Amino acid sequence: MSQVTVGQAVPNFTLPASNGKEVSLSDFRGKNIVIYFYPKDMTPGCTTESCDFRDYHGDYGKLNTEVIGISPDDLKSHDKFIAKHELPFLLLADVEKKVCELFGVWVLKKMYGREYMGVERSTFLINADGVLVKEWRKVRVKEHVQKVLEVVREL
């Protein structure tokens, strides 16, 4: 599968979800979808971002928009993350990084002079027809969720 780009229909994918089911992108057809990719459960930046999406969850819901978080963490880790921070949306476990690769967020990263593969914090907005309409890469957490919400309001 090649990497998805803005203006293109997003290919269907299925991943295990925090609700104990296999969830597919096609399950949300007819709704806008905000997918945010984050590196790791329980880390400071990822916690702040997830809690920001939690705090604005009702606003997204009023705009016919589902929020979904995806990371390479397993479901057990996601369950703890959801319980600790009362996250009201699904987290999907992309342990094999196939969806991360589809969106081009599994990248070479550098920290303290060390190189490693990891998730580049990114957010994608898919409209009700399944088309990728906006992407935010190398996300800075502060005020990001509000910026995404502003774009959703314009759909």
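This is a predicted model: local features need pLDDT of at least 70, side-chain atom pairs count only at pLDDT 80 or more; totals for chains, interfaces and linings use all residues.
Residues are numbered from 1 along each chain as its sequence is written. Local features need pLDDT of at least 70, side-chain atom pairs count only at pLDDT 80 or more, totals for chains, interfaces and linings use all residues, and side-chain values use heavy atoms, with hydrogens and water left out.

The largest nonpolar core holds 24 residues. Such a core is a set of buried Ala, Val, Leu, Ile, Met, Phe, Trp, Tyr and Cys residues joined through side-chain atoms within 4.5 Å. Buried means under 20% relative accessible area (1.4 Å probe, protein chains only). Phe13, Ile35, Phe37, Ile70, Leu92, Phe103 and Ile126 touch the most other members. At least two residues each come from β3 (32-37), β4, β5 (90-93), α4 (98-102) and β8 (122-126). Another core, of 19 residues, lies apart from it and includes Tyr36, Cys46, Leu87 and Phe89.

Helices (H or I, at least four residues) and strands (E, at least two) are DSSP runs, numbered from the N terminus. Helix α1 spans residues 44-55. From first C-alpha to last, α1 reaches 16 Å, close to the 16 Å expected. The expected span is 1.5 Å times one less than the number of residues. Its buried residues are Cys46, Thr47, Glu49, Ser50, Cys51, Asp52 and Phe53. Their cover includes β3, α2 (57-62), β4, α3 (75-85), β8 and α5 (144-153).

Serine 71 sits in strand β4 (residues 65-71). It counts as buried because its relative accessibility is 0%. Contacts (heavy atoms within 4.5 Å) link serine 71 to Tyr38, Pro39, Asp41, His78, Leu92, Ala93 and Asp94, not counting residues up to four places away in sequence.

Key: Buried means under 20% relative accessible area, exposed over 50%, partly exposed in between (1.4 Å probe, protein chains only).
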